[in-house]
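Let's take a look at how the two parts of a protein chain meet. Have the sequence and the 3D view open as you read.

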Amino acid sequence: MDVFRVEGPVQLSGSVRINGSKNASLPIMAATILAPGESTLKAVPHLSDISVCGELLGRLGCKLTRGSEGELCIDSTVIDNPVGEYEIVCRMRAGICILGPLLARCGRAEVSMPGGCAIGDRPVNLHLKGLKALGAQIHLKNGYIIAEAPNGLKGKDIFMGGPFGSTVLGTANVLMAATLAKGRTVIESAACEPEIADLANCLNKMGAKITGIGSPRLTIDGVEQLQPVSYEVVPDRIEAGTFIVAAAITASELRLQNCRLGDMMAVVDTLRYIGISIDAEGDGCVVSRRGLLNPVDVTTQPYPGFPTDLQAQFMALLSLAEGNSVVIEKVFPDRFMHVAELNRMAANLRKEGPTVIVAGVKKLIAAQVMASDLRASAALVLAGLAAEGTTIINRVYHIDRGYERIEERLNPLGAKIIRESV
Ligand code: EPU
């Protein structure tokens, strides 16, 4: 198992290119199931979650080959085993997003019911509600979701909102299934995340008829078939946000290439309030901090609200602000595994239900800490860049799920991170 030794405090400078989005790539990989033949995806990052998704598609019958520069060819001519096995889905919950496309293509799918994870229960009731509305018969057997639609799916008006708002992968599943359903489907309270817009744009390039992309109402007119596609996924706004916090927490200036600030307005707004300067430049932006950090209240929400996937990283930053901040988590109310770890680094965080009061401290102090989930782990790396001493982060495989060799990206900018196998 690898650990990181992060030496701090450091100052960063230079330029980094943001990779393609993990959370856009995963459903788009699943979408290739809908179009028999060879699709070519570009800018697919080299991450362990992407490999696991590839393994999942491989077990269905697809053939995958990696090209250079993030190219991924998926040949979905043959799908002879429409089963998402427990062994794989339990490693990566996003595996659930093969359910809709498999059902639409094969008329039947068996996908392991994902369990909970470090960030919460993560139910799939809305995915199933949407697919049932399209005419699927669904039951659970031995921990597997068995979905059947022997006579095909039929378009329907579906409300997809839940107690925490829209669902990203639930929208992806129903959207993909609806592209091959007979007639018109309207998804109301659809997720508006840029990753869902990217999926819809890719599906349209495959021949789907989707309108309302980026809005909470998606209208899908079913088509007979879809064609394989060549498609480049959007830049990763969460990776971009993580590098931006790296600049902010170390009082540095960084340039980011391939970063769409238009997809990050809630984040940019919050950064400016905190006192970080951030401006568009070329196909990316320049971010810098010179003065002290203002405290700010942050509430995570579905897009276009502040993303839950940057909550932990911002909490690390706000730990060093000049006063008290309040962070409210409205998407995954239990997503606070990083709180106790940041407190081990001398942060002053107090959790009250889905809220954390962040009392700013003058400095963070290195400690041995435990990575618990992807974004919590990123927050620990960021805290380590600013903390005095050598922070040792255990279980960095969590970070590798969503950041491509983060130490090799940060070290050329001035970070001192060593990966060690223990
Ligand atoms: N929810 C339900 N019922 C459902 C589905 C979701 O109640 O059927 C609830 C969830 O429990 C949660 C809320 O709805 O409270 C939102 O969950 P959502 O379904 O949107 O999450 P997801 O689709 O499983 C994706 C990302 C997550 C990201 C969330 C929210 C991927 C592969 N995963 O998960 O990314 O946090 O949307 O934006 O796209 C990450 O990259 O670190 C990560 C966890």
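Here is a short tour of the domains, their interface and one asparagine.

## Ground rules

This is a predicted model, where local features need pLDDT of at least 70, side-chain atom pairs count only at pLDDT 80 or more, and totals for chains, interfaces and linings use all residues. Residues are numbered from 1 along each chain as its sequence is written, and side-chain values use heavy atoms, with hydrogens and water left out.

## Two domains

The chain is split into domain 1 (2-19 + 235-421) and domain 2 (22-232), with bounds from an automatic or database domain assignment. Their C-alpha centres sit 30 Å apart. Domain 1 brings 23 residues to the contact and domain 2 brings 17; contact means heavy atoms within 4.5 Å.

## Where they meet

About 1,700 Å² is buried between the two domains, 54% of it from carbon and sulfur atoms. Buried area is the accessible area (1.4 Å probe) that two parts lose on being put together, summed over both. On the domain 1 side, Tyr-303, Arg-401 and Glu-404 lose the most area, together 31% of what that side buries.

The interface also has 2 salt bridges, each a side-chain nitrogen of Lys or Arg within 4 Å of a carboxyl oxygen of Asp or Glu.

## A look at Asn-258

Asn-258 lies in the loop between β15 (253-257) and α9 (265-274); helices (H or I, at least four residues) and strands (E, at least two) are DSSP runs, numbered from the N terminus. Beyond its neighbours within four places in sequence, Asn-258 has contacts that include Arg-17, Ile-18 and Asp-283. Its side chain reaches the backbone oxygen of Ile-18 at 2.8 Å.

Conventions
Polar contact = N/O pair within 3.5 Å; in protein donor to acceptor, adjacent residues only side chain to side chain.
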